[in-house]
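Me: Could you take a close look at one helix with me? I'd like to know how it runs and what it sits against.

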Amino acid sequence: MARVAVVTGGTRGIGEAISLALKDAGITVAANYAGNDEKAAAFTERTGIKAYKWDVGDFDACAAGVQQVEAELGPVDIVVNNAGITRDGTILKMTRDMWEDVIRINLGGCFNMAHAVFPGMRTRKWGRIVNIGSINGQAGQYGQVNYAAAKSGIHGFTKALAQEGARFGVTVNAIAPGYIDTDMVAAVPADVLEKIVAKIPVGRLGQAHEIARAVAFLCAEEGGFVTGSTLSINGGQHMY
Ligand SMILES: NC(=O)c1ccc[n+]([C@@H]2O[C@H](COP(=O)([O-])OP(=O)(O)OC[C@H]3O[C@@H](n4cnc5c(N)ncnc54)[C@H](OP(=O)(O)O)[C@@H]3O)[C@@H](O)[C@H]2O)c1
């Protein structure tokens, strides 16, 4: 039986590339998304991968979503916690809601999803959890105390959960992408983006498939000895 994976935020950007890379590796993929039905329908049409709508920041919705995927596709062996948002602003301008939303979705989503799948993985003695962090969680970023805190939290979450999963064949790793060419980065003003690219030693933005390839490796059978690690994929921008 093929392994089953849930990729959160799996219908667009980096998540779409991850969904495709796992499918190419022979894994049955369920791609979660939040609300962009049009993009999700186009994704399913293009890839044949089923899309499931729920908010990863909602604990009960994650439990119900995983239950639905398991009823339709089988036990979940792999979770890629990729869903994420930005609500940027300096601390002077950041509202409590901007803080809460980013922590609830980006960091809370990892807890909610891991909580839903971990017991089954532990019982079956095999599991792969990959959390998508960020260079800005490692280095910080002006105007992103919420995002940097959430992503930095993901890196700590990864190391702690890896210790709980290790004896049970459940690996937990993180990837810290640098600037990748997706809708999220397209939202950055052009003059700011130009300055960002100028600081990337390889001289360009990363591509979503360059993150996806690493996720596929971490999710493979041969990835079993890699756990608690954070892989930086950032064109040499931050050597951590
Ligand atoms: N792009 C970069 O340069 C970069 C760099 C470092 C880290 N990252 C991280 O990589 C991940 C993917 O980024 P991206 O650039 O591919 O983002 P993106 O293009 O904005 O796509 C975000 C995806 O997450 C989903 N999503 C958002 N909120 C959600 C929620 N509450 N519940 C479920 N799904 C939700 C979206 O669903 P809808 O389509 O329904 O909105 C979409 O599928 C994020 O965690 C991001 O922080 C990105």
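Where does α4 bend, and by about how many degrees?

Reply: The bend is at G108, and it comes to about 45 degrees. That angle is taken between two fitted axes, one for the seven residues ending at a position and one for the seven starting there.

Quick housekeeping before the rest. This is a predicted model, so local features need pLDDT of at least 70 and side-chain atom pairs count only at pLDDT 80 or more, while totals for chains, interfaces and linings use all residues. Numbering starts from 1 along each chain as its sequence is written, and side-chain values use heavy atoms, with hydrogens and water left out.

Now the helix itself. α4 covers residues 96-124, 29 residues in total. Helices here are DSSP runs of H or I with at least four residues, strands are runs of E with at least two, and both are numbered from the N terminus. From first C-alpha to last, α4 reaches 41 Å, close to the expected 42 Å; the expected span is 1.5 Å times one less than the number of residues.

Leaving out residues up to four places away in sequence, R104 touches D55, G57, D58 and G109, where touching means heavy atoms within 4.5 Å. With D55 there is a side-chain to side-chain polar contact at 2.9 Å, meaning N or O atoms within 3.5 Å, one able to donate a hydrogen and the other to accept it; residues adjacent in sequence count only if both atoms are side-chain atoms. The backbone oxygen of G57 is 3.4 Å from a polar atom of the R104 side chain.

What about the packing? The largest nonpolar core has 32 residues, and V6, W54, V69, V76 and I129 have the most contacts inside it. A core is a set of buried Ala, Val, Leu, Ile, Met, Phe, Trp, Tyr and Cys residues joined through side-chain atoms within 4.5 Å. Two or more residues each come from β1 (4-7), α3 (59-73), α4, α6 (145-165) and β6 (170-177), and α4 gives the largest share, eight residues. There's also a second, separate core of 27 residues, with W126 among its members.

Notes:
Buried < 20%, exposed > 50% of the residue type's maximum accessible area, 1.4 Å probe, protein only.
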